[in-house]
Amino acid sequence: MSQHFKMVLGLVMALLFGTTAQAQIQQIQSEQLLPKDAVTVFSINNISLLQKISMDELVNYEFMSEVHQELFDGSTAGKTLKDAGLDFNQRLNLFYGKSNTHELTGFTFGISDKKALFEVFDDFQVVESPLAGLEIYGTFFNQLLIKDNKAILIRIEPTMEHIDAVTDSIWYARGNEMPFDFFEEAPQEEQILDEQTYEDNPNTNVFPEATENPAVKNYYELRDSVQVMLQQAELARVIDEIFVQGINLYNLDPRFAAQLTHNAEGVFYLDNARNLDKSEGLWYFQTVLPTLYKDIQELYAGNVILGDLFLRDNKVDFEVEAQYGAALGSIYAQMNDAKFDKNVLAYIPAQSPAYFTYNINLEQAYEQAYKVLLPLLTDEKNAQIAMNVLTLELLNEFINKEALFDTYKGSMFGTFNGIKKVKTKKIEFSYDEETFAYQETETETEAEMPIFTLGFTTARADIPEMVLKHMARLSSRIQRFENYWRIDNAILDAAPLYILNTGKLLIFTNDEDLARMHPKGYGKGALAKKERNAARQSGFMYGSVDIPKTLDRFPTEVLTPRNAEIVSSLKGKSGQLILTSSETNTEHTTFKLSYSYVGAESTGKHLLDLVNSLYLIYTLNP
Amino acid sequence: MKYILVFLLIGLLSACIEISDDLTLNNDGSGTLRYKINLSASKVKVNSILALDSLGGKPVPSKTQISAKINEFVRILDAQVGISNVLVEESYTDFIFKFSCDFSSIRNLQDGIKVSIAQITNDKVTTAADQYWLSWDGNTLVRSIPSYVTQQIKNYKLEDAEQLKVGVYTSIARFERPVASFENKLGTLSKNQMAVMVRTNTFELKENQHLLDNTIVLTPR
């Protein structure tokens with residue numbers, strides 16, 4: 001079985017199995033094997049599939065047959081996941097973590113039948129254990145650690161930077177020179193040994209001498225050895241932490257432990273503060289501006305994202321809470337302290353397959369960010385940052401912030417109104433009959449284009465109007481009409497862009513119908529009262545996607561054939577995605593993503609049908 | 001280079017396209033080749049593709065990269081024996097590309113193109129470009145569509161049949177003296193009898209890569 005597949009298998013199993021919530025609260029087990037360095041965890045409590053879908057029904061899915069083939073080789077033919085020896089009364093926890101020197105991935109789970117388990121994990125070999133009661137099994141990539149009825153399958157990879165640093169250190173300490181021939185201009189010709197020459201003349205007995213001492217490792221061999229040793233050392237450290245000292249994520253982070261008590265089918269945990277700490281993208285800050293980096297770390301302290309996955313009747317809910325520290329929280333709290341702009345609702349048509357509204361108070365957010373971030377930057381003793389701080393402070397003093405933030409207040413909305421044919425022009429080649437002399441003729445044609453609208457709340461309509469008026473003097477492509485501006489060929493060099501400046505909203509769209517026929521909004525054709533209220537009552541953000549309507553209108557020709565096929569297959573599925581945000585304060589923001597559908601099938605089965613559709617497409621078109 | 005070819009392939013075949021190859025042959029075997037690709041009917045689609053970072057897992061080249069590769073081809077071709085006045089017009093507004101060059105013999109023309117393609121790509125095109133697609137004995141011109149074009153068309157999937165059906169390929173041969181006869185049944189003779197034109201849609205060309213092949217016999221001098 002491929003090693004990589006076993007990690008993927010964990011995900012599949014995690015999506016499929018769990019325990020009852022009651023059992024989890026009373027019997028916390030497998031989660032206590034999670035390494036403390038795990039930054040992201042997806043923990044499955046109970047998807048209830050075993051209650052709602054029988055195992056026999058489950059194993060009949062096409063994608064399950066693939067799992068079976070990978071799990072059970074010839075010697076275990078005819079067996080299914082039921083025979084895998086997993087304890088479905090324990091959680092299954094997938095994790096990913098990264099330190100400055102290592103990456104670790106894997107999952108923890110419970111075992112009900114160890115013999116059966118090893119008929120599945122049949123390529124794991126016994127490894128000597130340093131601890132009594134701890135069994136260790138390994139393959140080249142993965143380690144399986146079992147204690148009592150709990151197990152952790154873990155893969156540890158030292159980062160390449162760490163491997164290189166250690167290797168270089170040993171290499172040069174041994175008195176070696178630079179291992180790469182950077183300065184050799186002409187590549188050395190490789191001498192190829194022709195075995196036939198020696199086979200045809202066995203009496204010559206003259207084999208070429210080895211050019212390198214086989215007892216001494218070259219740079220790459222040394223690097224491979226270093227990698228293995230680092231893996232082993234890190235594994236020893238993880239074993240010591242979890243099984244000797246009892247240090248694990250569950251014991252260490254009460255937020256994670258508290259999340260596990262939720263009566264949800266799945267739990268998600270992402271420690272963004274530690275994620276930031278290990279982010280490779282911030283290496284510049286870490287090395288060149290360590291003080292600033294430390295300040296940023298403090299800013300992100302306490303930033304954790306916690307989520308619950310609930311399977312309800314005809315509905316899947318994903319509820320997310322973003323927690324943050326006081327400094328970051330003060331910025332978010334100010335930013336989200338915005339009144340909903342009800343003017344936007346008039347410009348969202350009732351039939352819109354997908355739309356969103358977004359309400360923020362950019363001015364308050366700016367002021368608070370200025371207050372929080374500027375002192376951090378000011379403290380940094382760096383010429384470039386000092387100049388940037390000076391520029392920022394001067395701009396803050398000189399710019400008319402009131403005019404700026406009245407023009408762009410930060411709130412906006414967007415709609416996708418499907419596909420429409422737009423008029424465009426093409427060149428045709430023609431040839432006269434006399435000599436076939438060639439001519440070019442410009443004719444009108446139509447092209448299909450997705451129709452989007454994006455609008456911004458403004459209290460200073462005069463400013464964009466002023467800009468457009470001057471732009472129109474510079475280019476004949478910009479024209480003023482009674483209710484709107486039109487910029488020719490602005491979209492993909494082919495279709496016009498319309499700008500509606502209503503006085504309270506600045507709207508950009510490629511929808512001619514909106515610009516010409518509905519410059520004051522759709523009136524009765526706008527969103528229904530229920531949807532309007534939902535958008536209005538949501539926090540700083542609301543989004544809605546009608547999956548079949550959106551997919552029906554999606555231009556599949558712009559996709560690759562395979563992706564187009566996936567979209568086509570999903571067109572048969574009903575469903576609606578709704579994103580809402582509720583409370584925002586200095587400590588947290590909560591979001592909710594709901595997927596609902598119409599039909600008699602169970603929620604789990606609906607999801608599995610979707611997964612199976614995707615699987616079939618991919619396997620039928622390898 | 002292969003990314004450029006991927007782009008051209010996408011542009012050429014999945015969009016509504018018009019291709020015109022126009023060969024003017026003098027009595028002494030010298031002449032002019034004009035080649036035009038017109039994607040203006042699909043400029044929305046081409047612009048959409050160019051706006052992407054990658055398509056089908058392959059990077060989409062920028063206009064600058066496309067232009068640089070075309071100009072490299074022109075530079076190499078212009079340096080070949082018997083080739084002169086190589087010109088290219090690129091319009092990235094209407095996506096029309098026009099190429100023309102003069103040649104002293106059709107052998108020079110074919111060799112020049114073969115070498116130029118070989119130098120800018122290590123792709124399969126190089127092998128296909130080994131073949132000759134024109135021959136001229138002073139009275140008879142035997143012509144086909146270059147195999148590196150037909151091969152690409154042949155490889156294309158039928159999924160975009162509708163797009164291919166509205167695409168047009170026009171092949172014109174012009175001479176200094178009247179045409180006595182030609183073999184291709186799709187061909188038409190100009191009223192002045194000095195040029196033969198064969199047109200078909202790109203779908204039919206995919207189905208039969210020899211659809212535009214023609215043997216044209218001129219009247220004696």
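Contacts, sheets and a salt bridge

Guide: In this predicted model, A:Tyr366, A:Tyr370, A:Leu374, A:Leu377 and A:Thr378 of helix H16(A) meet A:Ile385, A:Val389, A:Leu392, A:Glu393 and A:Asn396 of helix H17(A).

Visitor: What is the make-up by class of the contact of H16(A) with H17(A)?

Guide: The contact has 7 nonpolar, 2 polar and 1 charged residues. A:Glu393 is the charged residue, because Glu counts as charged.

Visitor: Why are H16(A) and H17(A) called roughly antiparallel?

Guide: Helix H16 (residues 362–379) and helix H17 (residues 383–398) of chain A pack at an angle of about 150°, their axes 10 Å apart. Angles over 145 degrees count as roughly antiparallel, and this pair is therefore placed in that class. H16(A) passes H17(A) in a left-handed crossing.

Visitor: What makes A:Lys420 and A:Asp511 a salt bridge?

Guide: Their side chains meet at 3.0 Å, N to O. The cut-off is 4 Å between a Lys or Arg side-chain nitrogen and an Asp or Glu carboxyl oxygen, so the pair qualifies. A:Lys420 lies in strand E12 (residues 412–431) of chain A, and A:Asp511 in the loop between strand E17 (505–509) and helix H20 (512–517) of chain A, so the pair ties together parts that are 91 residues apart in sequence.

Visitor: How many salt bridges does the rule give over all chains?

Guide: The count over all chains comes to 28 salt bridges.

Visitor: Moving to chain B, why are E7(B) and E10(B) said to stand at the edges?

Guide: They belong to an open sheet of 4 strands in the order E7-E8-E13-E10 (chain B), with antiparallel pairing. Strand E7 (134–136) and strand E10 (179–182) of chain B each have a single partner strand, so one side of each is left without a neighbour in the sheet. Neighbouring strands here are turned by 15° against each other on average, direction ignored.

Visitor: How do you know that E8(B) and E13(B) pair?

Guide: Pairing needs at least two bridges. Strand E8 (residues 140–143) and strand E13 (residues 214–218) of chain B are joined over 4 bridges, in the antiparallel sense, so they count as paired. Opposite B:Val142 stands B:Thr215 in E13(B), and B:Thr140 has B:Val217 as its bridge partner.

Visitor: What joins E7(B) to E8(B)?

Guide: These antiparallel strands are joined by 3 bridges, and B:Leu134 stands opposite B:Arg143 in E8(B). The two strands form a hairpin with 3 residues between them, and B:Gly138 in the turn has a positive phi of about 100°.

Visitor: What makes E5(B) and E11(B) the edge strands of the 7-strand sheet?

Guide: That open sheet runs E5-E6-E2-E1-E9-E12-E11 (chain B), with mixed pairing. Strand E5 (83–91) and strand E11 (187–189) of chain B each pair on one side only. Neighbouring strands are turned by 10° against each other on average, direction ignored. E11(B) is joined to strand E12 (residues 195–201) of chain B by 3 bridges, and the two run antiparallel. The bridge partner of B:Leu189 in E12(B) is B:Val196.

Visitor: Which strands does helix H3 of chain B touch on the sheet?

Guide: Helix H3 (residues 63–78) of chain B touches E5 and strand E6 (96–103) of chain B. Its direction makes about 170° with that of E5(B), and an angle over 145 degrees counts as roughly antiparallel, so H3(B) and E5(B) fall in that class. Helix H4 (residues 106–120) of chain B lies across strands E1, E2, E5 and E6 of chain B, at about 130° to E6(B).

Methods: Residues numbered from 1 in each chain as written. Chains lettered and ligands numbered in written order. Predicted model: local features only at pLDDT ≥ 70, side-chain atom pairs only at ≥ 80, totals over all residues. Heavy atoms only, no water. Axes fitted to C-alpha atoms, helices over the stretch in contact; angles between N-to-C directions. Parallel < 35°, antiparallel > 145°, perpendicular 65-115°, else oblique. Left-handed = near helix turned anticlockwise from the far one by under 90°. Contact = heavy atoms within 4.5 Å.
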